[in-house]
Amino acid sequence: MDSTHTSSARITGIYRYPVKGLTPEPLPRAELKVGEALRSDRHYAIENGPSGFDPSAPKWLAKPHFLMLQRDEWLAPLRAHFDDDSHVLTLRRDGAMVAQGDLETEAGRAAIERYFTDRHAGQIKGPPKVLVSPGHSFSDVPRKVVSIINLASLRAIEDMVQAPVHPLRFRANLYVEGWPAWHEASLLDQTIAIGSARAKVVKRITRCAAVNVDPDTGARDLSVPNTLMQRFGNNECGIYAEIISDGGAAVGDTIAAEPHQVTPQVPYSLKTA
């Protein structure tokens, strides 16, 4: 594989998820800060029954403690919008507003909680509670990261499952075009430029059953992790990167490995009989 053709790609989409498990918001650009996630990304979560989370001493908790698409596919048709300045979350279903509240106030959080209590009581394990703690991220991993999906890898998955695969099934922050399928997996432990920021690739992303859920309808209509496991012996797709130098990134910007670090290798190999 010729590294001159695989070292860089182009950002085609930037997304954040202010409330874990709810719908994403597209961004034209994002400021990337050392050791931080995108602004407001996974800043809130909705507790699905008591989790023991203490906002005054926040600790990372695994996602089953919260509402999440892996288990709660009924969340998909619910459309969420969050305003950074007012901290107001607006929830809509079928175009109609169903709840709204300032997530930095007790009354605002209670308004959102009431919606889930009244509308989805039979689908939750216990009292829903909006959780927030300054500086804490309800990421799927303990560190604050930016997640990246290579669209060529998604096209390879489409060939495997013989069906269209909506990119938003993968709930990434950055979607990129220009790398060959699976090239991103070879970037583990390398430094990459994301627009004017720099980041270190710290982990490949292990996919869960959330990617089986259609992000528009909530239908659980694919079996992507099992397909990956059968083909490759793992269910990885995408990478996590930790920001190590401040900068900005916009749709259309380049994302590239530092040239001397590009390793021409095949990240995955097919299982043999």
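Is Arg-29 buried, partly exposed or exposed? Select Arg-29 and you'll find that it counts as partly exposed, at 43% relative accessibility (buried means under 20% relative accessible area, exposed over 50%, partly exposed in between, with a 1.4 Å probe and protein chains only).

Before moving on, some ground rules. This is a predicted model, where local features need pLDDT of at least 70 and side-chain atom pairs count only at pLDDT 80 or more, while totals for chains, interfaces and linings use all residues. Residues are numbered from 1 along each chain as its sequence is written, and side-chain values use heavy atoms, leaving out hydrogens and water.

Stop 1: Searching the whole structure turns up 17 salt bridges.

**Stop 2: links across the chain.** Now pick Arg-79 and Asp-216, whose side chains form a salt bridge at 3.6 Å, N to O. Arg-79 sits in strand β5 and Asp-216 in the loop between β12 (197-206) and α3 (224-232), so this pair links distant parts of the chain, 137 residues apart (helices, H or I of at least four residues, and strands, E of at least two, are DSSP runs numbered from the N terminus). Arg-79 is partly exposed at 34%, and Asp-216 is partly exposed at 43%.

Next, select Asp-221 and Arg-169, a salt bridge of 2.8 Å, N to O. Asp-221 lies in the loop between β12 and α3, and Arg-169 in the loop between α2 (151-161) and β10 (174-177), so the pair ties together parts 52 residues apart in sequence. Asp-221 is partly exposed at 42%, whereas Arg-169 is buried at 5%.

**Stop 3: a network.** Show Arg-16, Glu-25, Arg-39 and Asp-84 together: salt bridges link them in a network.

**Stop 4: the cores.** The largest nonpolar core has 25 residues, and Leu-22, Leu-89, Leu-91, Leu-103, Ile-112 and Phe-116 have the most contacts inside it (a nonpolar core is a set of buried Ala, Val, Leu, Ile, Met, Phe, Trp, Tyr and Cys residues joined through side-chain atoms within 4.5 Å). β5 (79-82), β6 (88-93) and α1 (106-119) each supply at least two of its residues, with the largest share, three residues, coming from α1. Another core lies apart from it, with 23 residues, among them Ala-30, Trp-179, Leu-187 and Ile-194.

Notes:
A salt bridge is a side-chain nitrogen of Lys or Arg within 4 Å of a carboxyl oxygen of Asp or Glu.
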